[in-house]
Amino acid sequence: MSKMTHIAIKLTTNTLFFFQLISANAANWAQLAGERAQNTATPYIPDKWHRNQKTSVRPMWSARWGHALVVLNQAVARSYLTEEENSARAKNDRPVLVLLGGDDGLFGDSNNNTQDMGIGSGKLRNDVWIGELAHGSQTSWRVDDKYFNGGNNTFNPGLIRSEMRWFLSNPGRIAPQSWPSESGRTTPLYYDEWIACQDSMKDDLIDPTICDDPPTYCFRDILLPGCQPQAIWKEDNMWSPRRGHGAVVANNKIFLIGGRAREQNRIDETRLVGGIDGHKRFETMKDHSTIREDLVLKNDIWISEDGSGSSWTLVNPGCRDPQEEVLMQSEVWSRDLSEPSLPKIVGTLGSKCYRTSDCYGISECRGLGNTHEKVCVCPMFSPREHHSVAVQHRFKINDDSSVFAEDVIYVVGGFINVKHAFCSNRSCGPSDGYRLAIDDAWMSSDGRNWFQFKPAFSLLFVGRGGHTSLIVRPSYQLGNVSKIDGSDRLLILGGEALNPYELNTTYLNDVWEVALPTEPCCVPSDGCTDESRIHNESCL
């Protein structure tokens, strides 16, 4: 395991002086977009914060929180490239901002001020917006020849204008509320049925052939004979509306990870009336649906490779069940009397299984401790929100001077749900559990296979959500070539700490670091053929 170092932060008079410096140099701050809040320049001002670019001359995303943001097409100098190669990459550098989803469902005030900003009747979103920045010596600004007013040399702020532009790349797509009338199905459609033909899910279908490529005419009329709705919906599938998710650009793809989502879901049988401690549950009437819109935590992983976030592919459906140490920490309802360290009953009724195929997504059916019943266990991080994500670029120069390079994604902490209340020897309490800030850390090079390099509840540092993580590469510049000097570091800063046993929330201002190697974990030229790439502790 890697070592995590705590960097202490002490507030002194120097810190106060630092804030004074920021205040003195506030002129370096310039507003590129939004409702005008300064007089030094004219930002990109949206038309009444319209969400639909077809009805707006200057479209922009609605005021929101909990969204994710990445930068695409940004050429970073590589130490293994020549000065000429780095220069060529820089010439084609056209970075754009990509904003993904979020929550604009703020309550309107008595004066309807929020309604004017386009947030009075909002909700969770899965739209994608592209922000374009200008290029050249003026960067993000256009300066008019008439910089001064008349002959009196007075400053005219209206003549310095932001060159930022926003456009809607993907308005967001959600599952239909019902099956097509000709399908013969009368029940409402839920989200997992809509995405069932994604390659990472279709093998769990009773008949995967329904996902075979449909005839072209089916895309014109889904009701024609022989057209399978789920195969046709596949190209429209994308992540559900959400907030508190993570997003990174790795290996030239946008990865969207987890978060709290709004979905049409089937209500688990254990959440219906009855069903406690093995008692017979009361069935709902046959003409009543057990499907409803719900807010759920996710750990699914979607990628977009088109450079705009228009199309998406599910590479990992994730789990509904917790990871093993969360189960062992929070869902042990009975222990073996002869060996108290061994659990006897673990998990909820809904997590009971006989084989892995009984579990959702990539969960595995396991026996834990001395249990006589197996439960579904997530082999990656539990569903969560407000976790931090970061990307590290690793490479190795082979003996023949060729270079093998890959990006590694890191996920640290976040808020999960745990079961702490129980009735008899089964969990009860709130259906979605209690909120807990967790302290684990995971890594992956493809989003499918994950390696845990810091276990949860290890008391190494406080569990947290809403924090920040970033990769720092110690390097120096020699012309257009970046030279590496030392190991990379993963930095983790601040956040919010809470658990179900405490009545207060703690806000953190600590900083931690993890030293990381700069070479990939699995290099084909070294004889490694492990497709998962991230496979053991040699990664750290």
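**Working chat: loops, sheets and cores**

Student: What is the relative accessible area of N251?

Tutor: N251 has a relative accessible area of 28%, so it counts as partly exposed. The scale is this: buried is under 20% relative accessible area, exposed is over 50%, and partly exposed is in between, with a 1.4 Å probe and protein chains only.

Student: What kind of model is this?

Tutor: It is a predicted model, where local features need pLDDT of at least 70 and side-chain atom pairs count only at pLDDT 80 or more, while totals for chains, interfaces and linings use all residues. Residues are numbered from 1 along each chain as its sequence is written, and side-chain values use heavy atoms, with hydrogens and water left out.

Student: OK. Where does N251 lie?

Tutor: In the loop between strand 11 (246-250) and strand 12 (253-266). Strands here are DSSP runs of E, at least two residues; helices are runs of H or I, at least four; both are numbered from the N terminus.

Student: What about the phi of N251?

Tutor: Phi is near 50 degrees, a positive value in a residue other than glycine. N252 has a positive phi too, about 65 degrees, and is not a glycine either. N252 is found in the loop between strand 11 and strand 12.

Student: Is N252 buried or exposed?

Tutor: Exposed, because its relative accessible area is 71%.

Student: Back up into strand 11. Is A247 buried or exposed?

Tutor: A247, in strand 11, is buried, at 11% relative accessibility.

Student: What does A247 touch?

Tutor: Leaving aside residues up to four places away in sequence, A247 touches A68, L69, V70, L100, F255, L256 and V389. Contact means heavy atoms within 4.5 Å. A247 and L100 are 147 residues apart along the chain, yet their C-alpha atoms are separated by 8.2 Å.

Student: Which residues touch the most other members in the largest nonpolar core?

Tutor: V98, L100, W239 and W312, out of 25 residues in that core. A nonpolar core is a set of buried Ala, Val, Leu, Ile, Met, Phe, Trp, Tyr and Cys residues joined through side-chain atoms within 4.5 Å. Elements giving two or more residues to this core are strand 2 (68-72), strand 3 (96-103), strand 4 (124-132), helix 4 (191-194) and strand 12. Another core lies apart from it, with 16 residues, among them I257, I303, C319 and V389.

Student: Why would such residues sit together?

Tutor: In soluble globular proteins, nonpolar side chains tend to be buried together.

Student: And which residues does W312 touch?

Tutor: Its contacts beyond four places in sequence include L100, V128, N170, W239 and W302.

Student: New topic. Is K298 buried or exposed?

Tutor: Buried, because its relative accessible area is 9%. K298 is found in strand 13 (residues 291-304).

Student: What joins K298 and E263?

Tutor: A polar contact of 2.9 Å between their side chains. A polar contact is a pair of N or O atoms within 3.5 Å; within protein, one must be able to donate a hydrogen and the other to accept it, and residues adjacent in sequence count only if both atoms are side-chain atoms. K298 also touches Y191, R242 and P383, among others.

Student: How many bridges join strand 24 to strand 25?

Tutor: 3 bridges, with strand 24 covering residues 434-444. M443 has F451 in strand 25 as its bridge partner. Two strands pair if DSSP finds at least two bridges between them.

Student: How many residues of strand 29 are buried?

Tutor: 8 of its 10 residues, in the stretch 488-497. Strand 29 pairs antiparallel with strand 26 (residues 468-472) over 5 bridges, and with strand 30 (residues 506-516) over 9 bridges. I471 stands opposite L490, and L493 stands opposite V511.
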